[in-house]
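Reader: I'm new to this one. Could you show me how to read a few of its features?

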Amino acid sequence: MLKKKAFKVATLLLTFLFVVGLVAGCGSGSGEEGQGAAEEGKTYKIAFLGPLTGPNAGQGVGARNAFLLAVDQANESGELPFKLEVMELDDESKPATSASVAQKAVADPDVIAGSGHWNTPCAEASIPIFKSAGIPFVIWGAIGPSLTSPENYPNTTRVCPTQAQENIPLAEFVIGELGRLKWAIISDTSSYGKSNTEAWQNEVKKYPGAEIVSLDEIQVGQTDFRPILSKIKNLDVDGVYFGGVVMEAALVRRQMVELGMKDTLMVGISGIVDDKFIETAGGDVAEGVIAIKPGMNIQKMEGGKAFEEAYAAAGFSEPYGAYGPYAYDAANIIIEALKQVGPDKAKLVDAIANISYEGLLGTTTFDEVGQTANIASTIFVIQDEQFVDWDDSEYKSGQRKLPGSK
Amino acid sequence: MKTKINGTNGKIISLATSLGVCLALYICLVSSLTAALLILALGLGLIIYGERKDSIEQVYLSVEKNKPIVLGIIVLFVLVLPFLLHKNNYLLHVVVMAGIYAIVALGLNFQVGSTGMVNFAPAALFGAGAYVSAIAAVKFGISPWLGILLGMVGAALLGLIFGFPALKTRGYYLSLVTIALQIIFTQMIVNTAWLGGPNGIPGIPPYELAGFSFKQSLKILGLTIPYQINYIYLTFIFLGLTALAASRLYTSRTGLAWNAIEQDEIVAATQGINLTKEKLLAFALGAAFAGVAGALYAHYTSFIGYEDFDFSKSLILICMVLLGGMDNVSGVTLGAILLTIIDEKLRDFADYRMLMYSVILITILITRSQGLLPKRTRKYKEKSTGMPCVGQTVTMGGESSGSLKN
Amino acid sequence: MELLMSQVINAIMLGCTYALVAIGFSLFFGVLDIVVFCAGDVAIVGAFAVAFLVSILGLFVALQGALPPMIATVIIVFVAALFTALLMALMYRLVIRPLEGRSELMPLLSTIAAGFALREIIGIFYPEGRNPQAFPQMLPEGVLAGNAMLSWRNIIIIIATLLIVGLLYWFVNKTKTGLSIQAVSQNREAAVMVGINWRFIVYITFIIGGVILGVGGFLVASYFDVIRFDMGSMYGLKGFCAAVVGGLGNVYGAIVGGLLIAFVEVFVSAFVPGGTAYAGVAAFLMVLLFMLFKPEGIIGEKTIEKV
């Protein structure tokens, strides 16, 4: 009787094995079929990597949408002899996940290029993988300066500026031109925040008389800044430099106003140049905040208008955010290179590295380490619930006064 | 219950079981999420059927009796696996990660499964191993091989510290303490510039053996196999060693003492079990396992950042132990491998990934909270009779573990 | 001196926000002896429900025509709180009840997973859910006696917190249902024996807890003006810490615990040079020390363990 039982188990397991075998057979069979069918009108893939879930998902999803838009437009235009498809990969802002998805991307023979990352550590983890696979990689959002280097060139290029490229012109403007000397820094402890803090500290040192009187590093996701701001209020600073992104920036500005610091200037980097900042902080509260965004002012350019219209028409449920334009240009640079040399990874690497592309951000070319040479930047000031180019603003013309003007 | 297993019968059963498990894992790895979940459900159905008919014990017994066959098949499977997957470095990467997580899960099982002490900080211990080994290699030029040892010792020391609160608290209080330790660990890494801060540690050297770098692809029989093959063998050698150590510990006096503590601390103490020693041992040994895995991980990915060792990673590791089956070495190993695979399969869902993940998790928790292969009833045979499974049955653990009240 | 005063006010306000979530933790723990980890996320769902009613459906503007703003606010918050109450009851039915009698780790993990799911659901299905949302300000603006530190909003939040605790006290001690809740939390078997419908009491507790979390979410969001889908994870964790420091299962302890954690955080970031980055570390270290040396919490009974 027991023998029977044991036999039963054995037969069951063998049947299981058999079933599993069948499933596997079917699985691989259908896979081959799929590949066979794709031969005509071949579809190639571009991998998009970025934070689609987790704390930075707002940045990643907007950029992903802009990226998709660029690829859709290319497919519709029919200028390419093949179809392009975007492989959306979520890096969760974690390097380990980023390495996994990068492996997934390079393992697919149809993937001919990659673009990715908002977090510098994620880019650190995935760049070596793309490099060893010989697939060109364009960074759309990570700003750590070490990412573009002689070792990674020409495989890796970057369309967005490093933190130094953003902070130099900002310092020239607010310290040099406006003459604000006494600074408080608030930035988050992410790699984005930390590298901005470092860059700003370096810049402030260059100006005699300028000083940093307080430095506060906050956690991403922190919501209460009143203790820090109460302290800063007591220090009577000329300006608060914010090195972080929208959520915390909006909270900081709101709480500044609440604590009676409306007349203290707040300046930020491209991470806050996002209509969401004005929307969440409130138009009145955000009035007079200064921020810098590299590249030309997209509202002023023909392409910018067209992009905004196309984005609205595409019906995405999220706004394109601060990094959408970079992702859009990153996608278009890859597409442009594809037009030049076709879907050949090795040729594509060189084509992207040597490209000169006229896009949303102006003319993008890459220097000897793959960093964008397009360092034109625009200073924005928030006026009547809008980011307005400083040169066109009523603040420049003197009709309005910036917070803390003497 | 009298049992007699026919020699050939037993051999067939163990052959079928090991082949079945290996094949099932292989198919999970190469097929889609639906197929993987289907196979998981099928396997679970088989296990439940076995439990109902009481024949699962027969399978266990015959597997134990025919260890050479089972081990032979598993070793063969691991040896052949990279050749089956040589075209797909992504799947090879998944295999390496599954092996690494399995080692951590085996260590975590000492605390959560055997001793019944909740530990919400396994990722911190894993991270300690990774950081110690990485810092040793990058800053002091110490050989990664020695780094494994350093990582192990470093993590074990941290494990001792983490184990200290377990002497004084239990249940929810212990879970809160370990959560606090986990968060303090990640925040301290972010705040310590020497450890790379939020930027992580890039450029961690790979292992080398007599001039052969583990990052080189292997050429065997005209096949070029991605470098992951080296790491698969290395990781699975360590996994084999740790699994061996874990099962030896399970059958040893220490394992029994741990189970006694899990059942009732006070009774255990009255029976002469040194609670302090045993609890700290469970933490230190488990941490040592995690440390080894961390060192392997650091030198495999060549980049580590604090995000990889945060609270959510801890949760995933705990789920591996729980879903595999607490205090069951093969269960925990299977659980870790399966969950790693499922996690990777979910990548196709981009934005919906985390939602799917949590829904799957809740479903498994509710339908089978004792895990895939639950904790077994310990059985001791009398020395006089050669018959297995005869004599007194010492119940240790079983269905529900841990009490509601603290 | 003024700086110190304003920091004290900051700490009290932050403490209130933690306490609101901690009360939920304590309530559930009292009755079921389990930790419902998704309490923070449920509170944020409550805040999003209010934002949905006001910003998207335009309910506040519609009601304002007929009713004074204060009453309109109360109605809207009540609707949102009903929603979270329903959610909490559903949570109990779907992810907690099936795990009753299992190891204590199971409901903890299943509610953590449920919290993840709630966060992602907001992120995916709320319009532009991944981005921060401006929270419609419905509490009156202005300050008391011309003192910038004493805004009406802060005063209302503190009063509302105290009111919630007071109502809860009244309910638990003066009503029959409330007494049944106490009976169940003290001794379930005995409560069942004297004819209390235990299951019904648990549902009632989860519904009350859901209402408190919904109102709490509204107050928290009003204090910060900005909400985001993943705020709940931090609130859940801090709330849990506050509940434990105060004494798990003790509602008044929750307030004390919340204040204590808030004071540590605020004072470390305000008065320790470079302390902001370590504020979280300090708060968790304090929790750790409490666990080691006074595990029953500030207000908690010491239990003697029997075999």
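Predicted model: local features only at pLDDT ≥ 70, side-chain atom pairs only at ≥ 80, totals over all residues.

Reader: Which helix gives the most to the nonpolar patch?

Author: That's helix α7 of chain B, residues 144-168, with 6 residues. L146(B) sits in this helix.

Reader: Is L146(B) buried, exposed or partly exposed?

Author: The general idea is that buried means under 20% relative accessible area and exposed means over 50%, with partly exposed in between. L146(B) has a relative accessible area of 47%, so it counts as partly exposed.

Reader: And the inside? Which residues touch the most other members of the largest nonpolar core?

Author: Those are F277(A), F120(B) and I304(B), in a core of 278 residues. Helix α5 of chain B, residues 89-114, brings the largest share of this core, 18 residues. Apart from it there's another core, of 75 residues, with A171(A) and L338(A) among them.

Reader: What does I304(B) touch?

Author: Leaving out residues up to four places away in sequence, its contacts include A130(B), Y131(B), I204(B) and F309(B).

Reader: Now the interface. How many residues of chain A are in contact with chain C?

Author: 32 residues of chain A, meeting 29 of chain C. The two chains bury about 2,800 Å² between them, with 54% of it on carbon and sulfur atoms. On the chain A side, R226(A), P227(A) and M247(A) supply 19% of the buried area, more than any other three residues.

Reader: How many salt bridges are found across the interface of chain A and chain C?

Author: The rule finds 3. K276(A) and E128(C) also pair their side chains in a salt bridge, at 3.1 Å from N to O.

Notes. Residues numbered from 1 in each chain as written. Chains lettered and ligands numbered in written order. Heavy atoms only, no water. Core = buried A, V, L, I, M, F, W, Y, C linked by side-chain atoms within 4.5 Å. Buried < 20%, exposed > 50% of the residue type's maximum accessible area, 1.4 Å probe, protein only. Helix = DSSP H or I, 4+ residues; strand = E, 2+ residues; numbered from the N terminus. Contact = heavy atoms within 4.5 Å. Buried area = accessible area lost by both parts, 1.4 Å probe. Salt bridge = Lys/Arg side-chain N within 4 Å of Asp/Glu carboxyl O.
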